[in-house]
Amino acid sequence: MINTTLCYVEQDGKYLMLHRVKKKNDLNHDKWIGIGGKFEKGESPEDCLLREAREETGLTLTSYRYRGIVTFVSGPDAEAEYMHLFTADGFEGALKVCDEGDLEWIEKEKLLELTLWEGDKIFLRLLDEDAPFFSLKLTYDGDRLAEAVLNGKPYDPSCHPKKKEPLLISGCLAGFACRYDGKRQELPDLDALAERYALLPLCPEQLGGLPTPRTPAECQNGGVWNRDGQDVTDAFRRGAEEVLTLCRKLGCTKALLKERSPSCGHGQIYDGTFSGTLIPGSGLTAALLEENGVTIYGESSWEALL
Ligand code: SF4
């Protein structure tokens with residue numbers, strides 16, 4: 001019986017992939033796969049996973065999940081291979097050069113553009129959907145996938161639920177009472193957006209550690225001061241960074257934000273005199289997200305998202 005492990009190490013919405021281009025006579029030559037290999041004597045799946053990760057990448061995995069078993073069959077007389085499939089979202093150490101291929105972090109959305117085995121595409125989709133522990137049997141005829149059986153039944157490609165695109169939305173627009181005055185300002189047509197997008201409601205000022213209700217604040221000279229004259233720039237920056245981290249983790253590239261806010265405002269904000277005067281500019285969160293490639297929509301243009 002041949003037992004192996006395969007692991008996709010993840011970070012910031014990307015998987016660590018190995019482009020197998022270095023070994024001669026490699027069955028996987030030119031394919032992109034995860035990391036892993038054959039069990040050694042006396043090893044459990046976890047022992048093999050940790051050793052292979054260390055040997056191939058130099059990383060020590062600190063957090064991982066056992067996701068399923070993939071049975072490979074490649075001909076009537078060939079011995080079946082049982083591949084124990086893992087994902088890992090915690091590790092220590094630095095990446096080293098791998099002698100089996102080139103290691104590269106690849107955005108999850110772009111994985112299917114790589115040269116992959118047909119069967120790998122099936123279990124990558126199952127991982128992406130966070131499917132419960134599964135058993136997948138893949139029968140190959142040479143390089144061609146002849147049959148796939150998922151949990152004992154013929155695999156049906158239409159079984160995958162359609163994935164909604166993530167959309168960051170200011171918490172107050174999504175109906176949370178997170179405004180400085182403790183009120184909410186829910187968008188009237190939130191349901192239409194929720195039907196199309198996986199909404200991610202966040203309030204950067206709360207994430208930055210500020211209380212609700214709180215003293216109103218406005219931007220001035222690159223910083224943020226509240227109406228009592230306190231410098232609250234650090235909390236606003238912290239909140240902006242937290243939001244960016246979550247956006248990256250979830251692969252969020254669009255944001256619907258509250259207009260004119262010192263955090264969420266985009267293109268126009270109050271001038272720091274607390275007199276209701278507007279000037280060109282953006283709040284700290286909107287500016288940071290935009291710098292990092294997120295497209296910002298104000299609540300008055302929410303229909304452009306449909
Ligand atoms: S920081 Fe943004 S989400 Fe939070 S209350 Fe202000 S506008 Fe709304």
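How many nonpolar, polar and charged residues make up the shell around the ligand? The second legend answers this for the predicted model.

**Figure 1. The whole chain.** This is a predicted model, in which local features need pLDDT of at least 70, side-chain atom pairs count only at pLDDT 80 or more, and totals for chains, interfaces and linings use all residues. Residues are numbered from 1 along each chain as its sequence is written. The chain has six helices and 18 strands (DSSP runs numbered from the N terminus: helices are H or I, at least four residues; strands are E, at least two). Its C-alpha atoms fill a box of roughly 80 × 40 × 30 Å along the principal axes. Of the 306 residues, 31% are buried (20 or more other C-beta atoms within 10 Å of the residue's own, with C-beta atoms placed from the backbone).

**Figure 2. The ligand shell.** Around the ligand stand S170, G171, C172, C178, R179, C203, P204, E205, K258, S261, S263 and C264 (C-beta atom, placed from the backbone, within 6 Å of the ligand). Five are nonpolar, four polar and three charged (Ala, Val, Leu, Ile, Met, Phe, Trp, Tyr, Cys and Pro count as nonpolar; Asp, Glu, Lys and Arg as charged; the others, Gly among them, as polar).

Figure 3. Helix 1 covers residues 45-57. Its 13 residues reach 18 Å from first C-alpha to last, close to the 18 Å expected at 1.5 Å a residue (1.5 Å times one less than the number of residues). C48, L49, L50, E52, A53, E56 and T57 are buried. The buried residues of helix 1 pack against several strands, including strand 1 (2-11), strand 5 (60-73) and strand 6 (81-92). G58 follows the helix with a positive phi, near 85°.

**Figure 4. Strand 15 and its partners.** Strand 15 (residues 254-257) runs parallel to strand 11 (residues 165-170), joined by two bridges (strands pair if DSSP finds at least two bridges between them). Here L168 stands opposite A255. Four bridges join strand 15 to strand 18 (residues 295-298), also parallel. In strand 18, I296 is the bridge partner of A255.

**Figure 5. Helix 6.** In helix 6 (residues 284-291), L284, T285, A286, L288 and L289 are buried. The buried residues of helix 6 pack against helix 4 (204-207), strand 14 (223-226), helix 5 (233-250), strand 15 and strand 18. Just after helix 6, G293 has a positive phi of about 90°.

Terms used: A residue is buried if 20 or more other C-beta atoms lie within 10 Å of its own, exposed if 12 or fewer, and partly exposed in between; C-beta atoms are placed from the backbone. Two residues are in contact if their C-beta atoms, placed from the backbone, lie within 7 Å.
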